[in-house]
Amino acid sequence: MNSLVALVLLGQIIGSTLSFQLAGNMDCNTKGTKDWADIGVRYINEHKLHGYKQALNIIKIFRLLPSDGRSVIFHFKLNLLETECHVLDPTPLENCTVRQQNNHAVEMDCNVRIIHDIATFEDEVFVKCNSTPDSVENVRRNCPKCPILLPPNDPHVIDSVEYVLNKHNEKLSGHIYEVLEISRGQHKYEPEAFYVEFAIVEVNCTAEEAHDDHHDCHPNTDGENHIGFCRATVFRSHASLEKPKDEKFESDCVILHVKKGHAYSHLIEHHVGKYNTSPGRNSTDECVVQCPVAFVNKEVPKDISDHDTPPVEGCPGKALHFQL
């Protein structure tokens with residue numbers, strides 16, 4: 001009993017000390033603040049359902065809410081940048097390349113609340129995010145011939161994805177893949193082409209069955225290495241809506257080695273659970289201007305973005321990459 005009381009008192013002392021230190025020694029550029037922000041970024045990347053992992057770019061606002069003696073509450077407004085790693089890719093974030101401005105970069109603004117339990121040192125994280133691509137005007141101003149983003153359900157994008165995947169399946173023996181999610185499509189110029197990125201899943205069908213509209217194919221979920229990711233460029237002679245036939249293309253499809261029980265395996269289960277062979281089914285549809293970001297279901301505090309506590313000084317912080 002005495003040990004328990006001592007532990008509780010120790011937690012309160014640590015909490016008081018922590019609150020004092022945070023209030024006096026942290027702003028939007030300090031390492032301590034970034035360490036806490038990184039907890040939010042890690043949560044976002046492990047629970048974001050579609051698209052790409054995000055890298056911290058700017059800590060825009062940081063608030064330390066009054067402690068109740070049991071927990072310390074942090075509130076952040078973060079600016080993140082899209083990387084080239086899909087959310088299903090197990091590659092550590094530090095090894096993921098931030099997508100550059102000339103490749104039509106996408107940013108994400110997030111409200112993040114972290115509730116740190118003083119006694120258990122556990123963190124509960126809540127997030128609300130919106131994703132916004134750089135404007136076409138900005139892209140063309142800085143790079144007139146750079147590729148421009150298209151909606152994932154654009155007919156050119158879907159046709160290009162289907163064409164590349166069919167070519168990919170033709171080269172395989174005993175393995176057939178279907179589209180799991182179209183995550184990016186871009187219109188390229190000189191020569192005209194369509195660039196696509198998409199996730200694929202192996203299905204339990206033969207090539208003949210996969211082309212039969214009456215046959216119901218299902219994803220392989222037993223074992224590992226059934227999820228892949230493709231990047232491809234399909235060169236077009238003209239911008240027609242006709243499906244490409246014998247077009248020149250370049251592609252690179254890799255298998256994502258996600259082991260069962262991995263931090264991202266629940267995201268795969270989400271995708272497979274909503275599996276549909278229609279290429280644009282799990283894409284972000286027509287949302288290309290400002291899009292709410294979907295996460296694994298979790299109740300978000302209603303007041304996550306409204307606080308009376310003033311932000312600390314020294315905010316916003318410096319951009320770690322670039323500012324759109």
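Two strands are taken to pair if DSSP finds at least two bridges between them, and strands themselves are DSSP runs (E, at least two residues), numbered from the N terminus. The structure is a predicted model, in which local features need pLDDT of at least 70 and side-chain atom pairs count only at pLDDT 80 or more, while totals for chains, interfaces and linings use all residues. Residues are numbered from 1 along each chain as its sequence is written, and side-chain values use heavy atoms, with hydrogens and water left out.

Strand S1 (residues 52-65) pairs with S2 in the antiparallel sense over 11 bridges, and within this pairing Arg 63 stands opposite His 75 in S2. The two strands S1 and S2 form a hairpin with 5 residues between them, and Gly 69 in the turn has a positive phi of about 90°. S2 also pairs with strand S3 (residues 106-117), again in the antiparallel sense and over 11 bridges, with Val 72 placed opposite His 116 in S3. Because 14 of the 16 residues of strand S2 (residues 71-86) are buried, this strand is largely enclosed by the rest of the structure; buried here means under 20% relative accessible area (1.4 Å probe, protein chains only).

A cavity is a set of points, on a 1 Å grid over the protein atoms alone, where a 1.4 Å probe fits but cannot get out, and its lining residues have an atom within 4 Å of a point. Grid points are joined across faces, edges and corners, and a volume is the space filled by probe spheres set on the points. The count comes to 1 cavity of 30 Å³ or more, and the largest cavity holds about 30 Å³ of space. Its lining includes Gln 101, Asp 134 and Cys 143.

How values were computed:
On a 1 Å grid over the protein atoms alone, a cavity is a set of points where a 1.4 Å probe fits but cannot get out, and a pocket is an open set with protein on both sides within 12 Å along at least five of seven lines; lining residues have an atom within 4 Å of a point. Buried means under 20% relative accessible area, exposed over 50%, partly exposed in between (1.4 Å probe, protein chains only). Helices (H or I, at least four residues) and strands (E, at least two) are DSSP runs, numbered from the N terminus.
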